[in-house]
Amino acid sequence: MNFGSRLRLENFLHKITAVNTSNKSLKLLSSFVVIAGLMTGAAIWVFGDEGNLNSPAATDPAEPTLSIDSSPVQEDPAAEVLSYADMLEGSTPSVVGVITTEVTSVSPRGPQSLQDLFRQFHGLPPEEGASSPESEGEGDQRRQLSGMGSGVIVSPEGYVLTNNHVVRVGRSNEIADEILVQLADGREFEAELIGTDEGTDVAILKIDSDEPFPALTFADSDQLRVGDVCFAIGNPLGVGMTVTRGIVSAMERRIGILGAGYEDFIQTDAAINMGNSGGALIDARGRLIGINTAILSRTGGNIGIGFAIPANMARYVMDSLIQNGEVSRGFMGVGIGDISRELAEAWGLPSTNGALIRHVEKGGAADDAGLLHQDVIIAVNGEEIDSASELRLEISQIAPGEVVHLTMIRDGEEISKAVTLGSLSDRMRGKGAKPEIKSPIEGLKFRPLSDELREKFSIPSTVNGVVISEISPISPENQQFRPGMVILEVNRVPVSSVEEISSRMKEGVNSFYVWYDNIYNFLTYRR
């Protein structure tokens, strides 16, 4: 092949790659994290809004019969393995294709002529014998293939684990109108959606048959080690059921593709491509260790960096969705963040490990237990905590009402506190929330700083106070106060709550020390 031909071929392949990945690539630093769900290359964004649960519950679902094997993968280190064919023959029938369909309404009339469009534009009646749009009714329904992903049968009763993004369609991110599960032996079943959890990108389907389904056994994913052999099974790019081999490259990866979700990915170099999403990551004994979810790639193709949801996390989510119709997560009622080197040095902390409490919600579980802002949580139930995201993940996997024992550093001393967790679901639904405190300035809505508000208004961690979250457009104060402005002090006294703002204000002229758009300033307000 001459140079010109090769260049044209490379340009052509580049265009194909761009088309296949343009709609469903996820930015991660300078690269793309691509959700590997749909064969068409139109993998969707996964929005990790904390507590945003979309979990339609099944009617009286049967309890799944799960097989769980917690023994180590290699019981005899000296055993030599020459082939995995026998193991894979027993495992691959449990991996299925997941086909989603979107139902749309179409007009029974064909495309309108230019004359029809002209008459409609000018409000003229249609020509004699022609039907108007108003007389056409709703039209016919058309079923349009939306995407193809993978799934894993995990119980003989027909429960199927897959990804949340696999069962959603289009830019609207809505649940597909129809979900079809296709087995390796060619049988097809219309699936019932038991529930989804956007926070972990897990979805549960149910298919029914008179005969038991082939189901994979769960391994204990907490026992995985870097270097363990693993296999990714799925239907990449629609070519058919495919097995790829690799190793566990890393554990506990948190790469930010689920936003405010709960990430604890297994990283592997086993080839994962579009269409593999929702498929199985298994160990050398054919046990389920993860659900393939995403890849890191600049092109949308596999480069040996894939991510899977650990089997233990997927099983916890599945059990919650089947039993409760939603995922039950513990909630402490704190705003947390990581510890910078400078702050660790200033406070005399031994390291930057741990989670810094930036804010304690009044009346929440942490407040009731006596936790304070500036406390640093370094362990939960004896397990060390390295970061804020690790603490968030750990608490989310503990049921509401459970008591957790925290080890913390306060004023340079190590102390312990017991916290009875609240419910994140109840918190998101507003149950038990205290009445909203009246704003001290009419037309302005104040809220204590949280991680979400810091991200929304780009407020750095060094700024602390009370943020103005909303301003009425008819408020006379909207000329000097702005949404995203942080009130640091009122009449030279620091404030951290709406109550403190109210208590520090006086009749007459009040001074406000504020931060806005990286500028500190003083404002006045006459009460």
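**Close-up views of selected side-chain contacts**

**View 1. R285 is partly exposed, with a relative accessible area of 34%.** Here buried means under 20% relative accessible area, exposed means over 50%, and partly exposed lies in between (1.4 Å probe, protein chains only). The model is predicted: local features need pLDDT of at least 70 and side-chain atom pairs count only at pLDDT 80 or more, whereas totals for chains, interfaces and linings use all residues. Residues are numbered from 1 along each chain as its sequence is written, and side-chain values use heavy atoms, with hydrogens and water left out.

**View 2. D69 forms salt bridges with R285 and R287.** A salt bridge is a side-chain nitrogen of Lys or Arg within 4 Å of a carboxyl oxygen of Asp or Glu. In the pair of D69 and R285, the closest N and O atoms are 3.2 Å apart. Because D69 lies in strand β4 (residues 68-69) and R285 in the loop between β18 (280-283) and β19 (288-297), this pair ties together parts that are 216 residues apart in sequence. Strands (E, at least two residues) and helices (H or I, at least four) are DSSP runs, numbered from the N terminus. For D69 and R287, the closest N and O atoms are 3.3 Å apart; this pair likewise links distant parts of the chain, 218 residues apart. D69 is partly exposed at 22% relative accessibility, while R287 is buried at 4%.

**View 3. K206, in strand β13 (residues 202-206), forms a salt bridge with D208.** The closest N and O atoms of this pair are 2.5 Å apart. K206 is buried at 9% relative accessibility, whereas D208 is exposed at 53%. A polar atom of the K206 side chain also lies 2.9 Å from the backbone oxygen of E157. Although 48 residues separate K206 and G158 along the chain, their C-alpha atoms are 5.5 Å apart.

**View 4. T200 occupies the loop between β12 (192-197) and β13.** Its side chain makes a polar contact of 2.7 Å with the side chain of D197. A polar contact is a pair of N or O atoms within 3.5 Å; within protein, one must be able to donate a hydrogen and the other to accept it, and residues adjacent in sequence count only if both atoms are side-chain atoms. T200 is buried, at 3% relative accessible area. Leaving aside neighbours within four places in sequence, T200 is in contact (heavy atoms within 4.5 Å) with residues including L258, Y262 and R329.
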